[in-house]
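I opened the model today to look up a few things. My notes are below, in the order I made them.

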Amino acid sequence: MKNKLATLLAILTAMSMLAGCGRAQEKLALKDMNVEQYVTLGEYKGLEVTVAAPSVDETELEDTMMQTFIDYFPAEMGVTDRGIVEGDTANIDYVGKKNDVAFEGGTAAGSNLTIGSDSFIDGFEDGLVGVKVGETVDLNLTFPENYRNADLAGAEVVFTVTVNYIIPAEMNDDAIAALGFEGVTNEEEFRQFAYDYLYQAAEEERNAEVQNAVVEAFLANCSFNEIPEAMIKEYKGTIKDNIENTASVYGVDADTFTTVFYQMDLDTFVDTHAENNAKQNIAMQAVANKEGLAMSDADLDTQLLIEAQAAGHETIDEYIGDASKEDFREYYMYVDVLKFLVDNAVVSE
């Protein structure tokens, strides 16, 4: 997670229009800065980095196969002639009530629950053992005293649960063939399908790690003079906005997000990364200047028009909104220089 987020933050910082606050209109564009007065480039071609080859863990493969089998299992093939046993996955509807009132987050329909997974509070899964398909039971349970939702911590509740069907713990070829994946008709093909998916994800993860390692090696070879305070302030605002946007996707506030993933509060995180990211983009602009990778106005307009039309917009202005073209130019510069550094690096496993 940290590696992926580090890459994301670097890209979002380069593409500051994603913050959506109009701050980009006030800053000096990188292409107009004499970046060479702030950075002395070291060697940036032939950077040597070591990153492990992509691989697939056998346990992860087995878990992915089973979870995919459960998620895509066709209801019409579910077991209906017996009660639930340990290891089964039950497809259930349930309503949780406290003082006869349904509480938030306590109701679901068509939810899959593996008995023995300890996914629910104590007593829920045990209370379903022996229950047959089509039956409805009331489970009188108590939430833990330290439950994360203070309104439910230690509360006595009743879950009314209906069992729709049972997904057996053992996969079979008929059910695998019915999952709906093209070319997957038996367990061997299903295993290869899951392996290919995980290997592709591992390759993408490795590519991100290679990028991070190359950028780290690149910056280690650079020396910097004092960065303008106005630029650092700009980057602080951009990083803070982007962290807040990312945190909202996870349903938490920005301070909680940085504390969980980076063990530091939001302000400390912003202060730590703003100057580093400013230096990084200054150094990358210096490479772009030296290697002729900076995008011309004509090429910028062409690229923006392509993206605008692909997104269903008639004009560039409609597409970029309150952002400036320079934000996009800097983003393209970052991507192009990053590719240049990686393409010219020596990567070993």
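**Ground rules.** The model is predicted, so I keep its limits in mind: local features need pLDDT of at least 70, side-chain atom pairs count only at pLDDT 80 or more, and totals for chains, interfaces and linings use all residues. Residues are numbered from 1 along each chain as its sequence is written, and side-chain values use heavy atoms, with hydrogens and water left out.

I looked up the strand order. It reads 4-3-6-5, in an open sheet of 4 strands with antiparallel pairing. Strands here are DSSP runs of E with at least two residues, helices are runs of H or I with at least four, and both are numbered from the N terminus. Two strands pair if DSSP finds at least two bridges between them. Strand 4 (101-114) and strand 5 (136-142) are the edge strands, each pairing on one side only. Axes are lines fitted to C-alpha atoms, for helices over the stretch in contact, and angles run from 0 to 180 degrees between N-to-C directions.

Next I went to the strand pairs. Strand 3 (residues 89-98) and strand 6 (residues 156-167) are joined antiparallel over 9 bridges. Ala90 has Ile166 of strand 6 as its bridge partner. Ile92 is opposite Val163 in strand 6. Strand 5 and strand 6 also run antiparallel, with 7 bridges. There I found Leu141 opposite Val157 of strand 6. As background, strands of a sheet pair through backbone hydrogen bonds, either parallel or antiparallel.

Which angle do helix 7 and helix 10 make where they pack? I read about 75° between helix 7 (residues 266-291) and helix 10 (residues 325-343), with the axes 9 Å apart. The two helices are therefore roughly perpendicular. That word covers 65 to 115 degrees; under 35 is roughly parallel, over 145 roughly antiparallel, and the rest oblique.

I then listed the contact, meaning heavy atoms within 4.5 Å. Helix 7 brings Gln280, Asn281, Met284, Gln285, Val287, Ala288 and Glu291. Helix 10 meets them with Met333, Tyr334, Val337, Leu338, Phe340 and Leu341. By class, the contact has 9 nonpolar, 3 polar and 1 charged residues. Nonpolar takes in Ala, Val, Leu, Ile, Met, Phe, Trp, Tyr, Cys and Pro; charged is Asp, Glu, Lys and Arg; the others, Gly among them, are polar.

Rings of Phe, Tyr and Trp (its six-membered ring) pair if their centres lie within 6.5 Å; planes under 30 degrees apart are stacked, over 60 edge-to-face, and the rest tilted. I count 21 aromatic pairs by this rule. Tyr94 and Phe124 have ring centres 5.8 Å apart and planes at 80°, so they are edge-to-face. This pair links distant parts of the chain, 30 residues apart: Tyr94 sits in strand 3, Phe124 in the loop between strand 4 and strand 5. Are Tyr94 and Phe124 buried or exposed? Both are buried. I use under 20% relative accessible area for buried, over 50% for exposed, and partly exposed in between (1.4 Å probe, protein chains only).

Phe103 and Phe159 came next. Their ring centres are 5.8 Å apart and their planes stand at 85°, so this pair is edge-to-face. Phe103 is in strand 4 and Phe159 in strand 6, 56 residues apart. Phe103 and Phe159 are buried. One aromatic cluster takes in Tyr94, Phe103, Phe120, Phe124, Phe143, Tyr147 and Phe159.

I found Ser223 in strand 7 (residues 223-224). Ser223 is partly exposed, at 41% relative accessible area. Leaving aside neighbours within four places in sequence, I list Tyr38, Val39 and Thr40 as its contacts. I also checked Ser223 against Val163: 60 residues apart in sequence, 65 Å apart in space, C-alpha to C-alpha.

Most residues other than glycine have a negative phi, and most peptide bonds are trans. Asp118 has a positive phi, near 55°. Asp118 lies in the loop between strand 4 and strand 5, and counts as exposed at 65% relative accessibility. Gln263 has a positive phi near 55°. I place Gln263 in the loop between helix 6 (254-262) and helix 7. Gln263 is exposed, with a relative accessible area of 55%.
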